[in-house]
Amino acid sequence: MTKNEELDRRYLEKLKKLSLKSDVCFRTSVKLCTPEEKAEYMQLLTQAVCQRKTGPFHDVESQKDLKTVSGAKSVMPDLFGYDEKEESWSVGMQNDEIEEGRLDVYSSHLVLDRMPEGEEYSSLTKGHMMIMTDARHLPGLDDPLFLPGKPVVNIQPVDSFTGRAIESKMEIRLFNLRYEGVDAAGDLAHDFRQTDPEKMRNGFLKKLLRRIKNTEKGERTMCEVSREIFRDGRREGRREGLEEGIGKGELQANRKTARELLQMGLLTLQQIAQATSLSMSEVQKLQSERKA
């Protein structure tokens, strides 16, 4: 039995307990969709988040690799496509916390990807970015991210002198996965928190979660995605570590990997400590930071 097969065998049951609000499960659900289902998925999410009829969508992709500048970290939305006005839409999952600078980098990549080479700036079409999250705060923001009873935060440039909103080509929305309202947004958040497909309210999402948890292809894809996320975390940690020096870099790489494993929820704290060569106290500290 290979190392990957052993990992799959040991943690498949834990993977199958995840909900759509986890990176692993959401990314798997998209990968298992047909092109038509991806368009339907995008329409379902945008209508619940934006609370208006949007679409139909076309050329919807999973894990689209957006344009980057030299040396920049790659951005790959879980869903990316275009509506009837040729405006772009992207969906990403971000659990627990939103890293400082993430929204800026994400939106910049989306703008660059849609900017035709050699064209005037005025040719840029509108873009829409949606982040599904259960984060409670944004970096630099003391107040709670979401107001009580509100499922969405719209991020828009504002004139600090007059308070007037400034029109932007990039529309950024954060969706509260903790929201419990009795409306379409509440139903969506409810279904994304469910680990049992039979308890889901939306028939399309129920079908997707059944496909993940009750089919061999779903199980195999979920294992593949979990390994991808694990490898990406280690690769990113090592790259950041090399920029900071070998000794400190190795520590940063191990911390990055530990954070990824904590988010996936597949290992005990002791197993994470063994896998990353961190002390138990260090792993416990990282876990406390996630819950803060």
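1. G127 stands opposite M170 in strand β6. G127 belongs to strand β4 (residues 127-133), which pairs with β6 in the parallel sense over seven bridges. Two strands pair if DSSP finds at least two bridges between them. Strands (E, at least two residues) and helices (H or I, at least four) are DSSP runs, numbered from the N terminus.

2. This is a predicted model: local features need pLDDT of at least 70, side-chain atom pairs count only at pLDDT 80 or more, and totals for chains, interfaces and linings use all residues. Residues are numbered from 1 along each chain as its sequence is written, and side-chain values use heavy atoms, with hydrogens and water left out.

3. β6 has another partner. Strand β5 (residues 152-155) pairs with β6 in the antiparallel sense over four bridges. Here V153 stands opposite L174.

4. Is β6 (residues 170-176) mostly covered or mostly open? It is mostly covered: seven of its seven residues are buried (under 20% relative accessible area, with a 1.4 Å probe and protein chains only). In a regular strand the side chains alternate between the two faces of the sheet. On one side of β6, M170, I172, L174 and N176 are buried. On the other, E171, R173 and F175 are buried too.

5. Now the helices. α2 (residues 23-31) and α3 (residues 35-50) pack at about 135°, with axes 9 Å apart. Axes are lines fitted to C-alpha atoms over the stretch in contact, and angles run from 0 to 180 degrees between N-to-C directions. That angle makes α2 oblique to α3, because angles under 35 degrees count as roughly parallel, over 145 as roughly antiparallel, 65 to 115 as roughly perpendicular and the rest as oblique.

6. F26, S29 and V30 of α2 meet K38, Y41 and L45 of α3; contact means heavy atoms within 4.5 Å.

Notes:
Buried means under 20% relative accessible area, exposed over 50%, partly exposed in between (1.4 Å probe, protein chains only).
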